[in-house]
Amino acid sequence: MTIRRPTAEKTTTTRRPTAGKPRTQTPRPAPPEPEPEARAEPKPKPQLTAVTAGGVGMRHIEDLTTKQAEGITSVQRTEGGWLINVEVVEDRRIPSSGDMLAVYQAEIDGEGSLLSYRRIRRYRRSNADYGEAV
């Protein structure tokens, strides 16, 4: 009985063009013509809601005054953006009824960028009234 061992050699063949016949190539399709440049319309940025505008305005006031905000007292839509009133603790005292508070107003555009801010009222926590300052 004879045992055959497989050989590790593999033969590869390559095709050669036959002599006397010209080699033909398959024509490639021409690349597509570039389309005329379409004007890319800028994507409209999402408008801020009252909630997000209030949060943005409060962060701007905290950053500018370096004081802790107590909360947002009003958010009002304007022609070009938002007006946000933020109550800030300007000076902490013991007891807390002696704290000095202030209301700052921030004006932001429709994208949340700060346009202006100002302090519109300052008062002691114990002297706070429940109406809007005039």
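The protein chain holds 1 helix and 4 strands; helices (H or I, at least four residues) and strands (E, at least two) are DSSP runs, numbered from the N terminus. Read from the N terminus, the elements follow the order α-β-β-β-β. This is a predicted model, in which local features need pLDDT of at least 70 and side-chain atom pairs count only at pLDDT 80 or more, while totals for chains, interfaces and linings use all residues. Residues are numbered from 1 along each chain as its sequence is written, and side-chain values use heavy atoms, with hydrogens and water left out.

Of the 134 residues in the protein chain, 25% are buried. Buried stands for under 20% relative accessible area, exposed for over 50%, and partly exposed for what lies in between (1.4 Å probe, protein chains only). Among contacts between residues at least 6 apart in sequence, 41% join residues at least 24 apart, a contact being heavy atoms within 4.5 Å.

The strands form an open sheet of 4 strands in the order S1-S2-S3-S4, with antiparallel pairing; two strands pair if DSSP finds at least two bridges between them. Strand S1 (69-77) and S4 stand at the edges with a single partner strand each, so one side of each has no neighbour in the sheet. From one strand to the next, the twist averages 20°. Helix H1 (residues 50-65) packs on this sheet and touches S1, S2, S3 and S4, its direction making about 45° with that of S2. For such angles, axes are lines fitted to C-alpha atoms, for helices over the stretch in contact, and the values run from 0 to 180 degrees between N-to-C directions.

Strand S3 (residues 100-109) is mostly covered, with 9 of its 10 residues buried. With strand S2 (residues 81-91), S3 pairs in the antiparallel sense over 10 bridges, and Val88 has Ala102 in S3 as its bridge partner. With strand S4 (residues 114-124), S3 is joined by 9 bridges, again running antiparallel.

A search of the whole structure finds 1 aromatic pair. Tyr104 and Tyr117 form this pair, which is tilted, at 6.2 Å centre to centre and with 35° between the planes. Rings of Phe, Tyr and Trp (its six-membered ring) pair if their centres lie within 6.5 Å, and planes under 30 degrees apart count as stacked, over 60 as edge-to-face and the rest as tilted. Because Tyr104 lies in strand S3 and Tyr117 in strand S4, the pair ties together parts that are 13 residues apart in sequence. Tyr104 counts as buried at 9% relative accessibility, whereas Tyr117, at 37%, counts as partly exposed. The charged end of Arg121 sits over the ring of Tyr123, 4.1 Å from its centre; the criterion is NZ of Lys or CZ of Arg within 6 Å of the ring centre and within 35 degrees of the ring normal.

The loop between S2 and S3 remains. Asp99 has its place in this loop and is buried, with a relative accessible area of 2%. Its side chain reaches the backbone nitrogen of Arg93 at 2.7 Å, a polar contact being a pair of N or O atoms within 3.5 Å; within protein, one must be able to donate a hydrogen and the other to accept it, and residues adjacent in sequence count only if both atoms are side-chain atoms. Leaving aside neighbours within four places in sequence, Asp99 is in contact with Asp91, Arg92, Arg93, Tyr123, Arg124 and Arg125.

Gly98 lies in the loop between S2 and S3 as well, and is buried at a relative accessible area of 16%. Not counting residues up to four places away in sequence, Gly98 touches Arg93 and Arg124. The C-alpha atoms of Gly98 and Arg124 are separated by 5.9 Å, although these residues are 26 residues apart along the chain.
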